[in-house]
Amino acid sequence: MSVVRSVPRSAPALRIGALALLLPLLAATRGQAEGPLPPAVQAITFDRYYDVEGLHGALKALADAYPLQTRLTSMGPSREGRPLWVLAIFEPEPRAAPGTLPEGRPAFYVDGNTHGNEIQAAEVCLFIAKHLLTRDDPWVRALRSRVTFHVAPCVNPDS
């Protein structure tokens, strides 16, 4: 008689699984930007690494440029009292399905900088947020109408 044991999924395995789900999003180049981007959004480039203040500035620029599609909040303080910023991204009504408020939709959470030496993850998070908000692509709009994305580029601002 053989016994099959359940093996718990580790956090790295879950993150790799989430990244596999996002690869089509990252690879999608069908859509064009939704018209000219605001200068603050154009300034979000990926030719350097952002520090904690730079990440917050970039998230704030996205939230200010897309107030109907975003909500920037802190999910609480870090151990040293720094805010843990998370940007919610969604398709607002009426383009979303009627009666589907962002709070009632399935959520997709992506974060970065869990460890101090993993700085590239913040850039991936910021790229995902910018891509979701700036692409005029039916597939991206459909994603935003079905799912509320929660993007937290830096969940360990103390290190």
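In what order do the elements of the protein run from the N terminus on?

## Overall architecture

From the N terminus on, the elements run α-β-α-α-β-β-β-α-β-α-β, and the secondary structure comes to five helices and six strands, where helices (H or I, at least four residues) and strands (E, at least two) are DSSP runs numbered from the N terminus. This is a predicted model, in which local features need pLDDT of at least 70 and side-chain atom pairs count only at pLDDT 80 or more, while totals for chains, interfaces and linings use all residues. Residues are numbered from 1 along each chain as its sequence is written, and side-chain values use heavy atoms, with hydrogens and water left out.

Of the 159 residues in the protein, 36% are buried, a term that means under 20% relative accessible area, with exposed meaning over 50% and partly exposed lying in between (1.4 Å probe, protein chains only). Among contacts (heavy atoms within 4.5 Å) between residues at least 6 apart in sequence, 71% join residues at least 24 apart.

## Helix α3 and its cover

Helix α3 takes in the 14 residues 52-65, which at 1.5 Å a residue should span 20 Å, and its end C-alpha atoms are 20 Å apart, in agreement with that value; the expected span is 1.5 Å times one less than the number of residues. The buried residues of α3 are L55, A58, L59, A61, L62 and A63, and what covers them includes α2 (39-42), β2 (70-77), β3 (83-89) and α4 (120-134). An α-helix has 3.6 residues a turn, so residues three or four places apart point the same way.

L126 lies in helix α4 and has a relative accessible area of 0%, so L126 counts as buried. Not counting residues up to four places away in sequence, L126 touches I44, F46, Y50, L55, A58, L59 and L62; L126 and L59 are 67 residues apart in sequence and 7.7 Å apart in space, C-alpha to C-alpha. F149, leaving aside its neighbours within four places in sequence, is in contact with L87, A88, I89, F108, L132, L143 and R144.

## Cavity and pocket

On a 1 Å grid over the protein atoms alone, a cavity is a set of points where a 1.4 Å probe fits but cannot get out, a pocket is an open set with protein on both sides within 12 Å along at least five of seven lines, and lining residues have an atom within 4 Å of a point. The count comes to one cavity of 30 Å³ or more. The largest cavity has a volume of about 80 Å³ and is lined by V52, L55, H56, L59, P83, W85, P153 and C154, with α3 giving the most to this lining, four residues.

The second largest pocket has a volume of about 150 Å³, a volume being the space filled by probe spheres set on grid points that are joined across faces, edges and corners. This pocket is lined by 13 residues, of which V52, N113, I119, C154 and S159 lie nearest its centre. N113 lies in the loop between β4 and α4 and, at 9% relative accessibility, counts as buried.
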